[in-house]
Amino acid sequence: MRDIAIVSFAQSPILRDAGAQNEVELIMPVVSAALNAAGLEDVQGVDFTCSGSCDYLQGASFAFVAGVDALGAVPPIKESHVEMDAAWALYESYLKIKAGQADSALIYGFAKSSPGDLPFVLSQQLDPYYYAPLWADSVSLAAMQARAGIDSGEFTAEQMAEVVQASRSNAKNNENTQLKGDYSVEQLLAEPEYIAPLRKHDCPPVSDGASAMVICTVEKAKEWGLPYAVISGIEHRIESHNFGARDLAVSESVVLAAEKAGVSQGPIDIAEIHAPFSHQELIVKKALGLDDTTKVNLSGGPLAGNLMMCAGLDRIGEVAMRIIKGEAKRGVAHATSGPCLQHNMVTVLEAS
Amino acid sequence: MSEEKEMITGMEAPMYLTYNFTAGGATTRFLAELRNGKLVGQECPKCQHVYIPPRGSCAACGVPTVREVELTNKATVQSFTIVYIPIPNNPIKPPYVIANLMADGAHQSFLHLISDVDNADVRIGMRVEAIWKAEEEWTHAMENIQYFRPLDEPDMPIDEIGRLKNA
Ligand SMILES: [Zn+2]
C-alpha cells in the first residue's frame, strides 16, 4: 500500500465573530494558501477535494454546496463532503488515495458558529427521538461527563484547571488563537462555576474561521519537491449515542483507535488533542496512553480557539507542520465528533 | 391482561433555532445598491464573468469578485416554468411564470417573475425589462422589482444568452 503525506496546511485567524464575511469569503483565503504552499496554482492541481462542515451552523439546508464556490471548480472537479469535522474529510481522502483513485487531495473545513446559539444548535446532533427533543445542550452534556469523571476519581477540578492554564499559556505562541495569557490554577479555581462542575474557562470559545490542507502520496510529494509528514496510522471508532450505555469518564473508542493506529509503537514527541472541554483532554490523554514526555496541545488546543468542523483537522495540521519544521519526529493528533467524545479519530504522523 | 395499546408510529418534535444571518461582504454590497434601485453585479478579475446576485467569488476561478458592474433593467429569458400549484401564503395567484433571467452584461441568471404578457407567449430568448416598485417601498431585496415585462425587441439567439461578447 502506498504511503500518504501531508504537505501543506493553512488556518485562518480564529475569531469570536467574523462579522460580515460569509463562509465562501472565509474559505477562499485558506484554500489558496494551502494550495500555494504546496506549489499549486489552483484546485485543478489536486485529484480530489473533500470538505467538512455542518449545515446546522448556518441554519440552511445544503449550505455546504455554496462552499464549493470558493474553489474555482471549472473544469469540473471530483469532490465530496462530510457533515462532520474535516478530520473525517481527511480520512475519506486518505482512503481514496490508498485505493489508488487519486494521488493528491485538498481538504478543507469551515464554520461560522457565531450566528446561532451554538450549544443549542449542537443539541440537534443528538438522536432525534430521545435526546434532541429534550434540547440537551452541548455544555450541559459535557458538564455531566465532567461530573462523572470527578465522582469516579478519574480526575480532579485542579487537573482541569491545569489543562486550561497550559492551553492559555501555549496559545501565546499561536498568532491565530482567540484566548491566551498567563493564569494560575488558584486564579482559575476561584472563578465561579458556570454549568457545574464546569467553569467558563473549562468550555471552548465560540469561534469563526476555516482551515485547509493538501495531502498526497509520498511519491507525489517527492515529485513536487516538498517536505512532508507521513501518516503512519489513522483509525476512528465510535461509541453508542445513548449516554446511559457508556462510561462517560473514560474513552473506550480512543483506546481502540490508538491501538489500531499504532500510537504505542514508538515515542510520541507531541500530541494535539481535540478536546473542547478541559476534562476531555485528561480523558483522551489517558486513553491515548501518553505520559509526561509528550508535549500536549502546544497550539493552545480547542480551549484557546475552537473552529467547529475544522478543530479536528487543525490538530492534524498542527502536528504535521511541527514535524515538517523539524520540531518533532513522531506525533499523534486526535479528532472528536458528537457529544461527550462519542466518536474519535487518532492519527499518527512521522517525519519522512 | 390489559387491553392492547395502539402502536406509536410517529411523534412531533418541532424545533426552532434563531440565527443572526449575515449575507457576506459581497452580497451586502449588492443588497445595498438594490436598496438604491440599482442592479449591480460583480466581475471576476480572471474570466470577466459577471455574477448577479454576487456571492463574493467566481465559482469557476475561485477568486474574489471585487469590481462592481452596474447593469441595465434589460434581461433575457434563459428558461422558465409556468407554476400551476398554489404556494401557501404566496399572494401571487397561479398560473404565473417564474423565469431564469440573464441581465444584460451578466453571465449568471437569477429567478424572477414575468408578467404583463400571456403565459403562452413567454419563450426562451424573449427580451424583458424590470418594473420596479415605487421608490418608497424599496428594501434590501430583489422584490424591489415587481416583475419583468416583455420588451419590443427581437429575441436573443439561445447560444448568445449570457455569453461573453469577445469569447
Ligand atoms: Zn472567473
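Reader: In which loop of chain B is B:P95 found?

Author: This is a predicted model. The peptide bond from B:P94 to B:P95 is cis, with omega near 0°. B:P95 itself is found in the loop of chain B between β4 (74–83) and β5 (96–103).

Reader: Which residue, other than glycine, has a positive phi near 70°, and is it buried or exposed?

Author: Most residues other than glycine have a negative phi. B:N89, in the loop between β4 and β5 of chain B, has a positive phi near 70°. Because its relative accessibility is 81%, above the 50% cut-off, B:N89 counts as exposed.

Reader: Chain A also has a residue with a positive phi, A:N297; is A:N297 buried or exposed?

Author: A:N297 is not a glycine, yet its phi is about 50°. The residue lies in the loop between β10 (295–296) and α12 (311–324) of chain A. With a relative accessible area of 3%, under the 20% limit, A:N297 is therefore buried.

Reader: Where in chain A does A:P75 lie?

Author: The peptide bond leading from A:V74 to A:P75 is cis, with omega near -5°. As for its place in the chain, A:P75 lies in the loop between α3 (63–67) and β3 (79–82) of chain A.

Reader: What area is buried between chain A and chain B?

Author: The contact draws 28 residues from chain A and 24 residues from chain B. A:M28, A:D69 and A:P115 supply 27% of the area that chain A buries against chain B, more than any other three residues. Carbon and sulfur atoms give 56% of the area buried between the two chains, which is about 1,800 Å².

Reader: How many residue pairs are in polar contact between chain A and chain B, and which elements give two or more residues to the side of chain A that touches chain B?

Author: Between chain A and chain B, 12 residue pairs are in polar contact, both residues being at pLDDT 80 or more. By class, the side of chain A that touches chain B has 16 nonpolar, eight polar and four charged residues. The elements that give two or more residues to that side are α1 (23–37), α2 (55–58) and α5 (118–123) of chain A.

Reader: Which residues does A:G116 touch, leaving aside those up to four places away in sequence?

Author: A:G116 is placed in the loop between β4 (104–112) and α5 of chain A, and at 17% relative accessibility it counts as buried. A:G116 and A:Q58 are 58 residues apart in sequence and 7.8 Å apart in space, C-alpha to C-alpha. Leaving aside residues up to four places away in sequence, A:G116 touches A:V121, B:T18 and B:Y19.

Reader: Why is the sulfur of A:C216 too far from the closest cysteine sulfur for a bond?

Author: A search of the whole structure finds zero disulfides over all chains. A:C216 is buried, with a relative accessible area of 0%. A disulfide needs two cysteine sulfur atoms within 2.5 Å, so the sulfur of A:C216 is too far for a bond because the closest cysteine sulfur, in A:C50, is at 16 Å.

Conventions: Residues numbered from 1 in each chain as written. Chains lettered and ligands numbered in written order. Predicted model: local features only at pLDDT ≥ 70, side-chain atom pairs only at ≥ 80, totals over all residues. Heavy atoms only, no water. Contact = heavy atoms within 4.5 Å. Buried area = accessible area lost by both parts, 1.4 Å probe. Polar contact = N/O pair within 3.5 Å; in protein donor to acceptor, adjacent residues only side chain to side chain. Helix = DSSP H or I, 4+ residues; strand = E, 2+ residues; numbered from the N terminus. Nonpolar A, V, L, I, M, F, W, Y, C, P; charged D, E, K, R; others polar. Buried < 20%, exposed > 50% of the residue type's maximum accessible area, 1.4 Å probe, protein only.
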